[in-house]
Amino acid sequence: MNLPNRLTIFRIVLIPVIILVYLFPYASFGIEPAVFTIGNTSISIINLAALAIYVIAALTDALDGHIARSRNMITTFGKFADPIADKLLTTTLFLLFLSRGMIPFIPVFIMIARDTVVDGCRMIAANNGKVVAAQMMGKLKTVFQMVTIALILLNNLPFELLHLPVADIMVWMSALVSLISGVQYFSQLKDDIFESK
């Protein structure tokens, strides 16, 4: 197994680590995580630890793609596992935030529904021998989601100091870009989807 694929697997392994850090019942073990106050905003060391792990995972995403392309190490496994690792990472965190009541249900539903529809479209295209390259809106969706997750883990800092709800806005922007991206994929592959044999 080459280095890019190892990085992809490492990213997948980090997902349960983030879940453990975020949902561990610290109080049950008599652990009181430290809380830092910046201006009028408090942020737990749990959030900072989850953010650190998330940043490492996001960096492996950029690194494995760069290495695979620059060293001609692109594999079938990489094409399959890399986008799954990305979606598992972002979806897991959005679901964690949703479970804590930190973000609304609708944008999370839109993002998950989009990924499901796009994966279905890609499966149909692959069945017809087509390879669907990532589109600009799809890449923009990933960037929006990554920035949104970081802002939520930082309790909207530094914007919270200015009383600007940037994290809340970014959640909805991520959903909007996801929706537009999903429509683009569907439109691009509609002939394959509705093809009758």
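A polar contact here is a pair of N or O atoms within 3.5 Å; within protein, one atom must be able to donate a hydrogen and the other to accept it, and residues adjacent in sequence count only if both atoms are side-chain atoms. This tour uses that term at two of its stops.

The model is predicted: local features need pLDDT of at least 70 and side-chain atom pairs count only at pLDDT 80 or more, while totals for chains, interfaces and linings use all residues. Residues are numbered from 1 along each chain as its sequence is written, and side-chain values use heavy atoms, with hydrogens and water left out.

**Whole protein**

Start with everything shown. The protein has 7 helices and 2 strands, where helices (H or I, at least four residues) and strands (E, at least two) are DSSP runs numbered from the N terminus. From the N terminus on, their order is α-β-β-α-α-α-α-α-α. The C-alpha atoms fill a box of roughly 60 × 35 × 30 Å along the principal axes. Of the 197 residues, 40% are buried; buried means under 20% relative accessible area, exposed over 50%, and partly exposed in between (1.4 Å probe, protein chains only). Among contacts (heavy atoms within 4.5 Å) with a separation of 6 or more, 76% join residues 24 or more positions apart.

Areas come from the Shrake-Rupley method with a 1.4 Å probe; for residues, only the protein chains shown count as cover.

**Nonpolar patch**

Select Met1, Ile9, Val13, Val17, Phe77, Phe80, Ile84 and Leu88, which make a nonpolar surface patch of about 690 Å². Helix H1 (3-23) and helix H3 (76-99) are the elements that give two or more residues to this patch. The largest share, 4 residues, comes from H3. Patch residues have over 30% relative accessible area and no salt bridge; like charges are joined within 9 Å, and nonpolar side chains (Val, Leu, Ile, Met, Phe, Trp, Tyr) within 5 Å. A salt bridge is a side-chain nitrogen of Lys or Arg within 4 Å of a carboxyl oxygen of Asp or Glu.

Now pick Val13, which lies in H1. Val13 is partly exposed, at 46% relative accessible area.

Go to Ser44, in strand S2 (residues 41-44). Ser44 is buried, with a relative accessible area of 18%. Leaving out residues up to four places away in sequence, Ser44 touches Pro33, Ala34 and Val35. At the start of H2, a side-chain oxygen of Ser44 comes to within 3.0 Å of the backbone nitrogen of Ile46.

Select H2 itself, residues 45-70: its 26 residues should span 38 Å at 1.5 Å a residue, and its end C-alpha atoms are 37 Å apart, which agrees. The expected span is 1.5 Å times one less than the number of residues. After H2 comes Asn72, with a positive phi near 55 degrees.

**Helix H4**

Next, select residues 105-127. This is helix H4, with 23 residues and a reach of 33 Å from first C-alpha to last, close to the 33 Å expected. Color its buried residues: Pro107, Val108, Met111, Arg114, Asp115, Val118, Cys121 and Ala125. An α-helix has 3.6 residues a turn, so residues three or four places apart point the same way.

**Thr148**

Finish at Thr148 in helix H5 (residues 136-153). Thr148 is buried, at 0% relative accessibility. Its side chain reaches the backbone oxygen of Met170 at 3.2 Å. Beyond four places in sequence, Thr148 touches Phe94, Ala167, Met170, Val171 and Ser174.
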